[in-house]
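Have the picture open and follow along as you read.

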Amino acid sequence: MHKKVIHTHDAPAAIGPYSQAIAAHNLLFISGQLPVDPGTGEVVAGGAKEQALQSLANLQAILKASGTDVHAVVKTTVFLKDLADFQIVNEVYAGVFTKDYPARACVQVAKLPKDVLVEVEAIAILEN
Ligand SMILES: C=C(N)C(=O)O
């Protein structure tokens with residue numbers, strides 16, 4: 001079995017029994033990224049826009065630590081506390097994923113860890 005744990009200080013440490021990401025063969029599974037600033041360990045100030053920016057920044061940091069970038073992402077899941085934030089989060093998201101968008105699901109959930117508004121997970125293809 002070829003499985004590698006990915007860890008970077010440029011993204012928040014896991015807050016539970018999971019890895020930031022796992023590379024398995026040519027796939028990279030990135031855990032749901034909370035809008036936590038890796039420098040402070042705190043949820044960023046602001047609303048859904050600021051939280052989406054931070055969650056996606058954390059996702060990108062993990063992609064970078066894995067030797068890749070957003071172009072390799074094939075699937076994401078966006079978890080929102082409130083689907084009323086759909087448009088603003090889409091705007092932030094489209095600033096990161098600019099073309100050949102990954103497949104995606106976006107769902108409203110009752111509650112997220114640390115009571116955040118946004119969480120984003122992703123699967124990417126690794127070229128190796
Ligand atoms: C924040 C998470 N990804 C978790 O608790 O699984």
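Let's begin with Ile-123, which sits in strand 6. Strands here are DSSP runs of E with at least two residues, helices are runs of H or I with at least four residues, and both are numbered from the N terminus. Before going further, note that this is a predicted model, where local features need pLDDT of at least 70 and side-chain atom pairs count only at pLDDT 80 or more, while totals for chains, interfaces and linings use all residues. Residues are numbered from 1 along each chain as its sequence is written, and side-chain values use heavy atoms, with hydrogens and water left out.

Contact means heavy atoms within 4.5 Å. Skipping neighbours within four places in sequence, Ile-123 is in contact with Leu-27, Leu-28, Phe-29, Ala-72, Val-73, Val-74 and Lys-75. Take Ala-72 from that list: it is 51 residues away along the chain, yet the two C-alpha atoms are separated by 8.5 Å.

## Tucked away: Thr-76

Now hop over to Thr-76 in strand 4. Thr-76 has a relative accessible area of 0%, so it counts as buried. Its side chain makes a polar contact with the side chain of Tyr-93, at 2.8 Å. A polar contact is a pair of N or O atoms within 3.5 Å; within protein, one must be able to donate a hydrogen and the other to accept it, and residues adjacent in sequence count only if both atoms are side-chain atoms.

Leaving out neighbours within four places in sequence, the contacts of Thr-76 include Tyr-93, Phe-97, Pro-102, Val-120 and Ala-122.

## The nonpolar cores

A nonpolar core is a set of buried Ala, Val, Leu, Ile, Met, Phe, Trp, Tyr and Cys residues joined through side-chain atoms within 4.5 Å. Which residues touch the most other members of the largest core? They are Leu-28, Ile-30, Leu-56 and Phe-97, out of 28 residues. Strand 2 (21-24), strand 3 (27-33), helix 1 (48-65), strand 4 (73-80), helix 2 (86-96) and strand 6 (118-125) each give this core at least two residues. Helix 1 provides the largest share, with 7 residues.

Let's zoom in on Ile-30. Neighbours within four places in sequence aside, Ile-30 is in contact with Gln-20, Ala-21, Leu-59, Ile-62, Leu-63, Glu-121 and Ala-122.

Val-116 lies in the loop between strand 5 and strand 6. With a relative accessible area of 1%, Val-116 is buried. Beyond neighbours within four places in sequence, Val-116 is in contact with Leu-34, Pro-35, Val-43, Gln-51 and Lys-81. Val-116 and Ala-48 are 68 residues apart in sequence and 8.7 Å apart in space, C-alpha to C-alpha.

Most residues other than glycine have a negative phi. Asp-115 has a positive one, near 55°. Asp-115 is also in the loop between strand 5 and strand 6, and it is partly exposed, with a relative accessible area of 42%. Asp-100 has a positive phi as well, near 40°. Asp-100 is in the loop between helix 2 and strand 5 (103-108), and it counts as exposed because its relative accessible area is 71%.

## Around the ligand

Which residues are around the ligand? They are Tyr-18, Gly-32, Leu-34 and Glu-119, where being near means having a heavy atom within 4 Å. A backbone N or O atom of Gly-32 lies 3.0 Å from a nitrogen atom of the ligand. From Glu-119, a polar side-chain atom lies 3.4 Å from a ligand nitrogen atom. Taken alone, the ligand exposes 210 Å², and the protein buries 71% of that; these areas come from the Shrake-Rupley method with a 1.4 Å probe, and for residues only the protein chains shown count as cover.

How values were computed: Buried < 20%, exposed > 50% of the residue type's maximum accessible area, 1.4 Å probe, protein only.
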